[in-house]
Each structure stands twice: as C-alpha cells, then as structure tokens.
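User: Could you walk me through this model? I'd like to begin with the ligand and then move on to something else.
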Amino acid sequence: MPSLNEALADELVRQGVTRCFGLFGEDVIQLGVQLDKRGVEFIAARHESQAISMADGYARVSGELAVAIVSRGPGITNALTGLANAAKGRNKLVVIAGDCDPGTRGVIYSKWADQKLLFDGAGIPFVTIDSPESAVADVAAIFDRARTGELIVVNLPGEILEATAGDAPSTVELPPGQPGGGEPAAEEISVVADVLGETWAFRRPMILAGRGAARAGAREELERLAERTGAILCTTLMAKGLFDGHPYNVGICGTYSTEPAVELIPQADVVLVFGAILDPLTTVMGSMFPNARVIRFDRDPEQAERGAVPVEMFVEADAKLAAAALADELERRGHQQDGYHDEATRSRIAEFRLEDTIRDQGAPGALDPRFVMIRLNKLLPAERTVVIDNGHHAAFSTAHLDVPGPDAFISPLEFHCVGAATGMAIGAVYARPDRLTTYIVGDCGLLMTFGELETIGRYQLPMLVVVVNDAALGAEVQYLRALGLPDKMGTCPAPSFAAVAEALGFEAWTVETLDDLDRLEGRLDKIERPILIDVPVTCDVRADWVELLMSSGAHGEKEPAIS
Ligand SMILES: Cc1ncc(C[n+]2csc(CCOP(=O)(O)OP(=O)(O)O)c2C)c(N)n1
Ligand SMILES: [Mg+2]
C-alpha cells in the first residue's frame, strides 16, 4: 500500500483538483511533492490567511470547488482569519490543514495548539481524520459535502500523512453542509399568490435578490415575476449587477442605495426576498422598507429566524425554482399588475446619473475617489472582475464601477475583514483569466497583506491593482470626525507603493491627476504583467453610509458597524 501522502494525492486528482493554493510546513510538504508529481499546480502564498482567501476567491468567481493546503500550529493561527471569512462566505472549499499528533510531544510539540477549539471558536466547519486506514474515503466524503457550498477543513495530523494508507470505508462525521433547497411547496406558492392578489392592499411590490438568487441563476425568472407583479428589482451588495439593464432595476438595496432606490424602496408594501439574508446593511438597520410585508424564499430554513426585519412568511426553496413557480402560478391565475411600472418610475431610473449628483472635491495629489472610479470605469474593459477590499474607499468603487454580473464582483463584507480581498483577487485571476481582474484596495488593506504583492509579481499575474491611498485608516478617520474627535489616531503615512511594486515586478506609477489615469487607455484588454497604480485621495469626501449608520446608532459602543 502507498503512503497516505501518495494515496491522498491520487484521491485529489480523482476529485478533479488541478491546482491548489497554500503555504507548506514540514507536515504537509510531502503531500505537496506528491501533488506536484501528478501535475497539480501549486500557487504558493506568503501568508496562510491569504492562501485561504485565494482559494476562496477562486471558488467565488469560478463557482467550482477550490483547495488550499496549510501547515499546523502557527500556520493554522495565521490561517484563521481567512478561514473565518470563508466560512461566512459559504463557498465550495476544502482546506487541508496539518495538525500535531499528541505523540509528537517533545519533538514538534512547540507547534501544538488546540486547533479544534480554534476552528470551533471561529465558526469554521472541520473534520479531524485520525485513521490512515479510512483517510482516503474520508476525504472523498468531505469533498462531496463541500460541493454543496461549504468550507470544510480537513484537520490531519502530519504523522498520519506519512503512515500507510488503507482502503477502509469512511468513518468520520461530516458537518451538515448546505441545504439543497429544491422546489417550493405548491400550497405555499399559492398562499403567496393569494397575498399578491390582494391588489387593493399591495400596490407596490418589490423583488430583492441576494447571493442565493445570483448563484441559482434566477435572473430570468425574477424578471418574469417583476413583469407580472409590476415590481421594482433590487439586489443586496453581494448580488450587485444581477439586474443591470432592466428598466425597473434600482440597484443595491441598503446603505449603498442610490437616490432613485432611496425614493422608491421605502414605498414598497410587499417585498419578495430571494436568497438574501436581510442583514442590517441591506435593510439599513431594518428601516429600508418600513411599511412592507416581507416574504422570503431561501433554501436554508435556518434563515427563517434571522434577518434584521420581521418576516411575514418564509418559503423554503431554491430561489430560481421559487421565482419560476410563483411567476407560473400568477400567470395561471391571470394576475397582471402595474405596480411600480409606469412612465414616471421608468424615466426616473433611466435618467438618473449618479455622477451628475456629485461635485469633484479633489485636487492634484488628493483626488476625489468618486471621480477616480468614474474615470476608471470608462477605462476598464467590459469583461472585468472587480474585487474590492473592505474600508471606507469601498463605497466609491462599489457605486461607480460596473460589473458584468455578480460572479464578476467580490466585496467580502461578510466578515468586514480589511485585507481579506487581496488573496481573493489573486484567486479571481486564476478563476477567470479571460477577464481583467481589477483589485481596489486601501493603503492599510494592502500593507496588511503586503507579502502577496510579491506573489502577484512572482507569478506575473495579469491584473490591475488600484491603491486608494488616503494615508489613513479612512473608515476610522470618518468615525472619529463624525464623533467630533481629532482624527490623528486614524492617519498614517504610506510608503511609495509604486516603487515597491516596481521592485516586485509590476509596472507601477503614482497618479497625480485624473488625467494620469489615462495612461491605462487602450492597454487593458490584454495585459501581460501586473500593473499597480497608487492613487492619492482626499479624506474629505465622506461616503453616504457613514452618516446613515451613525445616525441610526449602529456604531454601538466601540467598534462602528461602518468598519
Ligand atoms: C482585519 C481588520 N482590522 C481592522 C479593521 C477595522 N477597520 C475597518 S476599515 C479600516 C481602515 C482600512 O484602511 P484602508 O485599507 O486604508 O481603507 P480606507 O478605510 O482608508 O479607505 C480598519 C482598520 C477591520 N475591519 N479588519
Ligand atoms: Mg486608507
């Protein structure tokens, strides 16, 4: 029998793994050697958290299962942030994590940490394999479960990997995995159709679609439903771009809403929510549609108890199947309502141009980030993947950069982790090399994950990195200013990103004026090597949500919800 390292490498190849991301230690590097022998590409990160984020980004953009390998002890404590983020993001990920066998006490015991406790504490689903006999079958079962849309960490003591593999059946207990969804119950669809039939009471229906709807590919069905009901369409941040081009699409619902959305959404008297968790940002602390009855369609029954607004009815189903069933039922009943659909609404949406509502407050060397993004939006090719790190700057790129669809957009707000998106942007390049990955990051977010700039340079990844550089923890500066406090503690000069990036193999320059961005013109359809532009921006343009959340009291005691 082969060693478990060999047998596991064979199993990963059988599972269709062609590349994995990671950072080795002595416990897992022989598995790496075996994978390399079998032609599996390995993308070597500089920090374990980012290795996980790379796999996470790959899974988000490709929709495929991604694999990462990290080492035990300090490798795991380093990986925790990326793992916690990935667990919240609910993507198809398997992470092979070394662990210390208790028998290694005195040899490698200095690396021991109670990894199970760490995973548990951070809400990270994991499985510990402690028998080489069944390990291959266990890993196969874990892959199947992860494909339901779940991160699973395979916690594997290094010593087991060196033992002889066996062919015993799987013995491990798996995490529950994601619910399958499926068809909605006909009676429930009938009740929803009854509610919508009360047209004297429900004149302003709205459809809100989240990541679940985007992943289910529900656009067509939801637009059909909008046509029957006269609903306006909007999305959560995570599903940005889903309805772009539809005449009754008002874009993102919540703290990132534009003027037409802010006027129209609160008028809704019934909201049909598909695959969205209704968090405080989407609902602006529950205040976004105060007079509406809320009906939710979600494949996860646990969501029924969650969300920042009370829910009238919860239908357990896949978003696409639910939307189709409801549209069919309404059609069968001959239900046809105008709702919001009239010339006034249509032209309000069509004629609104966000850039006409703002005035450039920038100066050379301290640009207005909104106008930077407006210019960039024109320069980027239509086929783009936009990855936005967390921070104050994120509001501007989210508002002004278009995306071809939700799978071309990553904004990992589920854990509000600054720096999380650096690895995700790298994963996105591998997932869709045919699109230009554009990574928008703040100065602090990039410095936190600076090692991965070297990874981008080392692999000569053809991506664009835009540093929105306010020489500050901008979100904290805004928070302090909103509280009337001095902002000194939030500021910090940044180095010359262009010089460092050049040394690492990028083409890079510092932008002084908006016109300097035009150096990108005509160049971005196909780039051969990474480009970084360092864009100095003013701290004096405040994103709208800062005020919104401060006035709603959402900032709590210490840590503002804005971070
Ligand atoms: C890992 C982590 N540390 C700290 C924070 C708190 N935080 C939120 S935004 C922010 C500032 C980020 O600065 P930068 O990347 O430069 O973006 P900016 O806000 O300046 O646009 C910080 C420190 C966080 N959310 N995540
Ligand atoms: Mg900053």
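Analyst: An oxygen atom of ligand 1 is 3.0 Å from a polar backbone atom of alanine 475, a polar contact here being a pair of N or O atoms within 3.5 Å. The protein covers 84% of the 570 Å² of accessible area that ligand 1 has on its own, with areas taken from the Shrake-Rupley method and a 1.4 Å probe. This is a predicted model, in which local features need pLDDT of at least 70 and side-chain atom pairs count only at pLDDT 80 or more, while totals for chains, interfaces and linings use all residues. Residues are numbered from 1 along each chain as written, ligands are numbered from 1 and chains lettered from A in written order, and side-chain values use heavy atoms, without hydrogens and water.

User: How many residues surround ligand 1?
Analyst: There are 19 around ligand 1, and the closest are His392, His416, Asp443, Gly445 and Gly474; a residue counts if one of its heavy atoms lies within 4 Å.

User: Which helix gives the most to that shell?
Analyst: Helix 17 does, with four residues; helix 17 (443-448) and helix 19 (474-482) each supply at least two, helices being DSSP runs (H or I) of at least four residues.

User: Switching topic, where is glutamate 547?
Analyst: Glutamate 547 is found in helix 21, residues 544-551, and its side chain makes a polar contact of 3.1 Å with the side chain of arginine 542. The C-alpha atoms of glutamate 547 and alanine 482 are separated by 7.7 Å, although these residues are 65 apart along the chain.

Terms used:
A polar contact is a pair of N or O atoms within 3.5 Å; within protein, one must be able to donate a hydrogen and the other to accept it, and residues adjacent in sequence count only if both atoms are side-chain atoms.
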